[in-house]
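Please look at the chain below before reading on.

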Amino acid sequence: MPLILIVEDEKILAEMYKDRFEKEGIQVDLTFSSEQALEYLNNKKPDLILLDILLPKANGISFLEKIKQFKNKTKDIPIIVFSNYDDPKTRNDAFLLGAKSYLIKTQYTPKELVEEVKKYLNLKNKSQ
């Protein structure tokens, strides 16, 4: 069963997405800040990270910068930014820092988000 990490500070949203993914057979762990997510990565390796940009203290871009510390441990984990923050510079920075996709929350239903994530999980599984 694939494991994804959702980094989302809005707990109600995070729980809603977790429920939706788990109904589709995808295991989900939740963290609610960049700091929690980095701590999580010290102990576990998810198959994909779903990352919000607007987080308390350190934002998603900061997380993308800091995740480089993990080098080999995280380099093959696809990161999908999932945010309502649609700023061209932030979007560009996210891609430069390794994000595979930048999705705007309001443009995706939970079902569509699951389908989008499955594409990346399938791509990853085919390359193994």
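N59 is found in the loop between β3 and α3. The model is a predicted one, in which local features need pLDDT of at least 70, side-chain atom pairs count only at pLDDT 80 or more, and totals for chains, interfaces and linings use all residues. Residues are numbered from 1 along each chain as its sequence is written, and side-chain values use heavy atoms, with hydrogens and water left out.

With a relative accessible area of 32%, N59 is partly exposed. The classes are set as follows: buried means under 20% relative accessible area, exposed means over 50%, and partly exposed lies in between, with a 1.4 Å probe and protein chains only. Leaving aside neighbours within four places in sequence, N59 is in contact with S34 and I53, where contact means heavy atoms within 4.5 Å. The C-alpha atoms of N59 and S34 are 6.6 Å apart, although the two residues are 25 residues apart in sequence.

K57 also lies in the loop between β3 and α3. K57 is exposed, because its relative accessible area is 83%. The backbone of K57 has a positive phi of about 60 degrees, although K57 is not a glycine.

L3 is in strand β1 and is buried, with a relative accessible area of 11%. Not counting residues up to four places away in sequence, L3 touches Q27, V28, D29, Y40, K45, P46, D47 and L48. L38, by contrast, is 35 residues from L3 along the chain, and the two C-alpha atoms are separated by 16 Å. T31 lies in strand β2, residues 27–31, and counts as buried because its relative accessible area is 5%. Beyond residues up to four places away, T31 touches L5, I6, V7, E8, Q36, A37 and Y40.

In soluble globular proteins, nonpolar side chains tend to be buried together. For this model, a nonpolar core is a set of buried Ala, Val, Leu, Ile, Met, Phe, Trp, Tyr and Cys residues joined through side-chain atoms within 4.5 Å. Which residues of the largest nonpolar core touch the most other members? Of its 24 residues, these are I49, L51 and F63. Two or more residues of this core come from each of β1 (3–7), α2 (34–43), β3 (48–51), α3 (60–66), β4 (79–83) and β5 (101–104). Helix α2 gives the most to this core, with four residues. The contacts of I49, not counting residues up to four places away in sequence, are L5, V7, L41, F63, I67, I77, P78, I79 and I80.

A second, separate core has 19 residues, including F32, L103, V114 and L121. V114 counts as buried because its relative accessibility is 1%. Apart from residues up to four places away in sequence, V114 touches R20, F21 and E24. F21 is 93 residues from V114 along the chain, yet their C-alpha atoms are separated by 6.3 Å.

Helix α1 (residues 11–23) includes K23. K23 counts as exposed, because its relative accessibility is 70%.

The remaining values describe the chain as a whole. Of its 128 residues, 48% count as buried. Residues 24 or more positions apart account for 63% of the contacts with a separation of 6 or more. The C-alpha atoms fill a box of roughly 30 × 30 × 25 Å, taken along the principal axes. A compact globule of 128 residues would have a radius of gyration near 14 Å, and the protein chain agrees with this, at 13 Å. The radius is taken over C-alpha atoms, and the globule rule is 2.2 Å times the number of residues to the power 0.38.
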